[in-house]
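Let's walk through this structure together, one question at a time. Have the sequence and the coordinates open as you read.

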Amino acid sequence: MILNGSEILVNVLLEQGVDTVFGYPGGAVLNIYDALYKYSDKIHHYMTAHEQGAAHAADGYARATGKTGVVIATSGPGATNLVTGIATAYMDSVPMVAITGNVPTQLIGCDSFQEVYIAGITMPITKHNFVVRKVEELADIVREAFKIAASGRPGPVLIDIPKDITADKTTYVPAEKVVPQNPRPRLKNIEEIAGLINRAERPFIYFGGGVRISGAGEELRELIMRADIPAAHTLMAAGVLGYNEKNNLGLIGMHGCYSANAAANRADIMLAIGTRFSDRVALNTEKFGHNSRIVHIDIDPSEINKIIVADYSITGDVKEVLTELLKYIKPRKHDDWTAQIAKWKRDDYMPEDREDILRPHQVIDTTCRIAGEDAIYVTDVGQHQLWAAQYLRHVKPRNFLTSGGLGTMGYGYGAALGAQTACPDKTVVHFTSDGSLHMNMNELCTAVSYKLPVITVILNNAVLGMVRQWQGVFYDRRFSSSEPERKTDYVAVARAFGGEGYVCETPAELEEAMKKAVKADGPVWIDCRIDREEKVLPMIPSGQTVHDTIFK
Amino acid sequence: MRKQCMVLLVENNAGVLARVSSLFMQRGFNIDSLTVSSTDSPNISRITVMTTGDNRTFSQIMKQTSKLVEAKMIFSVEPEFSLIREILMVKFSSDTEELEELKKIIERFGAHIIDMSYGCFVAELTESPQRVDDFLEAVKSYRMIEICRSGAIALERGLIDYELN
């Protein structure tokens with residue numbers, strides 16, 4: 001079958017099971033959009049307000065489903081607008097294929113209109129990228145891109161296609177959907193590690209996004225139940241274990257539970273599973289886990305010994321490794337250890353409820369109560385993100401979407417739209433703040449156009465809360481550029497775009513607003529007024545340990 | 001900290017050198033020298049990188065570069081079991097009273113004079129990085145007009161079977 005490059009591209013997307021793409025048209029991708037028009041009954045294209053929103057939407061779609069997200073942008077500014085979205089996906093190991101148009105081959109390198117060397121720009125933030133040189137290569141490159149994005153540790157791949165190649169014709173030979181490949185796990189010391197766990201007195205598990213990506217929640221649960229091991233999760237693994245499950249200590253790290261951090265500090269064996277000892281968890285690399293022997297399990301060999309030197313390591317897919325490990329794990333009880341942790345739990349930070357004003361934990365709690373545990377919660381970045389991580393009742397592994405590694409303010413709205421398109425029957429809640437929302441609030445028009453009923457809950461303290469919190473603690477309350485005094489009327493903005501908006505100042509008002517929002521058939525913004533002195537607590541400052549925890 | 005040598009067999013694609021060097025720069029790995037050349041296989045290029053760092057950093061470099069899709073094989077080269085060579089060319093002024101003395105040093109190091117022009121001549125030395133350093137030290141008091149030194153290339157001794165990814 002003779003097709004042009006654009007039709008080949010769309011056909012390969014279909015081969016790969018893609019039915020949803022996000023993007024924004026432009027000169028260099030006119031041919032591609034012409035093909036999308038032709039195939040619009042098979043592939044749904046969501047056009048956002050800005051390419052960054054489209055990239056985050058593809059990311060949110062991927063995180064919510066586990067499938068590879070696809071985003072399309074034109075050359076030059078279209079391509080550069082994807083950069084933050086691609087970097088966000090890269091840092092959090094999200095499978096994504098980004099397709100950019102470029103100027104025709106003969107104009108490349110001539111500083112042509114809307115020309116940029118996007119392959120060079122995205123080299124450090126993609127697993128790999130391709131510049132297509134001839135139409136005959138296109139189909140296989142796209143297939144390879146899908147394979148790379150989803151194999152091993154997932155991540156984004158970019159394909160840059162000059163405009164002439166989207167028009168050139170060649171024979172299209174259909175192929176099967178590619179199968180992602182994981183490296184074979186290296187299990188030679190698995191019995192020794194199991195022995196270590198079986199003999200441990202104070203075992204502890206610290207797990208991250210790798211467990212979620214691998215779909216290893218069941219295996220992890222079996223391990224912590226059978227061997228009676230308390231476990232704490234990173235931001236990327238919220239929901240892998242239910243919030244109320246035995247042995248789930250909750251969030252670890254800078255704003256993690258005191259009990260989780262204390263347990264990490266006191267453990268004799270620490271199993272780090274699908275995680276990378278980021279500086280938001282291993283705040284002090286000399287002292288983190290210094291009382292324990294460390295077993296590191298991760299699919300990416302370069303994570304082993306990168307930050308913390310592990311005593312034992314296994315590289316491989318977490319699910320495969322845990323399945324094998326479980327064969328040697330014996331039932332154990334650690335009553336003294338769990339009793340000690342229960343004691344630490346009494347020191348965990350517990351904010352007080354109020355009825356007359358909204359406190360952050362009550363915003364999260366009330367929203368979660370009305371939207372339900374099955375809802376998908378997406379956040380932006382800052383204080384509200386950590387409050388959401390701390391106080392949501394997480395029960396599902398793919399229901400909490402947040403930019404953990406890159407910490408991208410402005411991630412949330414696009415990602416929430418992507419999640420809503422992937423899961424049209426679920427309630428999608430976008431927690432944001434007045435700071436983050438101002439970065440990409442333009443995507444409200446996308447939500448209105450496509451009738452995506454995303455509920456945006458704004459934790460509005462009228463300041464850049466996290467920046468201000470640090471300035472308060474470490475800079476003697478010199479609030480440099482963190483109190484912008486914006487006068488935005490969120491209800492009016494929401495309505496002006498064609499959505500609905502409410503203002504809430506008490507938990508009761510929020511409950512009323514949420515009840516209306518979950519029934520709405522379009523986007524709703526809920527402006528929740530909170531005090532600017534509210535802090536994310538507890539907090540361990542960078543470079544310090546659990547002994548330096550700040551509680552107020 | 002010690003000097004280490006790694007060899008990358010990579011797909012012979014446009015941009016592969018940029019990927020390797022960008023990765024080194026991004027991760028703060030130091031490149032002392034780098035050479036790229038074609039191999040007996042038209043699809044494969046060979047990159048030799050000399051770097052300085054502790055063993056943990058070196059192992060991290062190896063693992064990060066292994067993640068490059070176009071890297072087919074990566075290995076470290078141990079100087080004891082390998083031949084590591086650099087090429088040095090030095091242009092000396094021949095307007096010196098100690099010309100004979102200089103020529104003796106050149107000879108002693110196994111270097112050759114490969115060009116003689118009016119007022120100057122060029123000596124060439126192909127040797128291990130250490131010997132090249134030693135030579136430069138030995139001739140530093142003579143009038144050097146210009147020097148040019150290649151990156152290292154390395155080959156392990158004996159029969160070794162490589163399996164490409």
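Two residues are in contact here if their C-beta atoms, placed from the backbone, lie within 7 Å. Keep in mind that this is a predicted model.

Q: Which residues of α11(A) meet α13(A)?
A: Start with the partner side, where α13(A) brings A:K319, A:L322, A:T323 and A:L326. By class, the contact of the two helices has 4 nonpolar, 1 polar and 3 charged residues. The residues of α11(A) that meet them are A:E219, A:L220, A:E222 and A:L223.

Q: At roughly what angle do the axes of α11 and α13 of chain A cross?
A: Helix α11 of chain A covers residues 217–226, and helix α13 of chain A covers residues 318–326. Their axes come within 9 Å. The crossing is left-handed, and its angle is roughly 30°.

Q: How many residues of domain 1 of chain A are in contact with domain 2 of chain A?
A: Chain A is divided into domain 1 (2–171), domain 2 (190–345) and domain 3 (360–529). The centres of domain 1 and domain 2 of chain A, taken over C-alpha atoms, are separated by 37 Å. By class, the side of domain 1 that touches domain 2 has 1 nonpolar, 2 polar and 2 charged residues. Domain 2 of chain A gives 5 residues to this contact, and the number from domain 1 of chain A is 5.

Q: How many residues does chain B give to the contact with chain A?
A: Take chain A to begin with: the side that touches chain B divides into 5 nonpolar, 4 polar and 2 charged residues. Chain A gives 11 residues to the contact, while the number from chain B is 12.

Q: What percentage of the residues in chain B is buried?
A: The C-alpha atoms of chain B fill a box of roughly 55 × 35 × 30 Å, taken along the principal axes. Among contacts in chain B with a separation of 6 or more, 75% join residues 24 or more positions apart. A residue counts as buried if 20 or more other C-beta atoms lie within 10 Å of its own. Of the 165 residues in chain B, the buried share is 24%.

Q: Which element gives the most to the side of domain 1 of chain B that touches domain 2 of chain B?
A: The domain assignment of chain B gives domain 1 (2–77) and domain 2 (82–153), with 29 Å between their centres. In the contact, 7 residues of domain 1 of chain B meet 7 residues of domain 2 of chain B, and the domain 1 side has 4 nonpolar, 3 polar and no charged residues. The elements that give two or more residues to that side are β2 (33–38) and β3 (44–53) of chain B. The one that gives the most, with 3 residues, is β2(B).

Q: Which residue stands opposite B:I147 in β8(B)?
A: Strand β8 of chain B, residues 144–149, is hardly covered, with 0 buried residues among its 6. Strand β5 of chain B (residues 82–93) runs antiparallel to β8(B), and 5 bridges join the two. Opposite B:I147 stands B:V90.

Methods. Residues are numbered from 1 along each chain as its sequence is written. Chains are lettered from A and ligands numbered from 1 in the order in which they are written. This is a predicted model: local features need pLDDT of at least 70, side-chain atom pairs count only at pLDDT 80 or more; totals for chains, interfaces and linings use all residues. Domain bounds come from an automatic or database domain assignment. Ala, Val, Leu, Ile, Met, Phe, Trp, Tyr, Cys and Pro count as nonpolar, Asp, Glu, Lys and Arg as charged, and the others, Gly among them, as polar. A residue is buried if 20 or more other C-beta atoms lie within 10 Å of its own, exposed if 12 or fewer, and partly exposed in between; C-beta atoms are placed from the backbone. Axes are lines fitted to C-alpha atoms, for helices over the stretch in contact, and angles run from 0 to 180 degrees between N-to-C directions. Helices (H or I, at least four residues) and strands (E, at least two) are DSSP runs, numbered from the N terminus. A crossing is left-handed if the near helix is turned anticlockwise from the far one by less than a right angle, and right-handed if clockwise. Two strands pair if DSSP finds at least two bridges between them.
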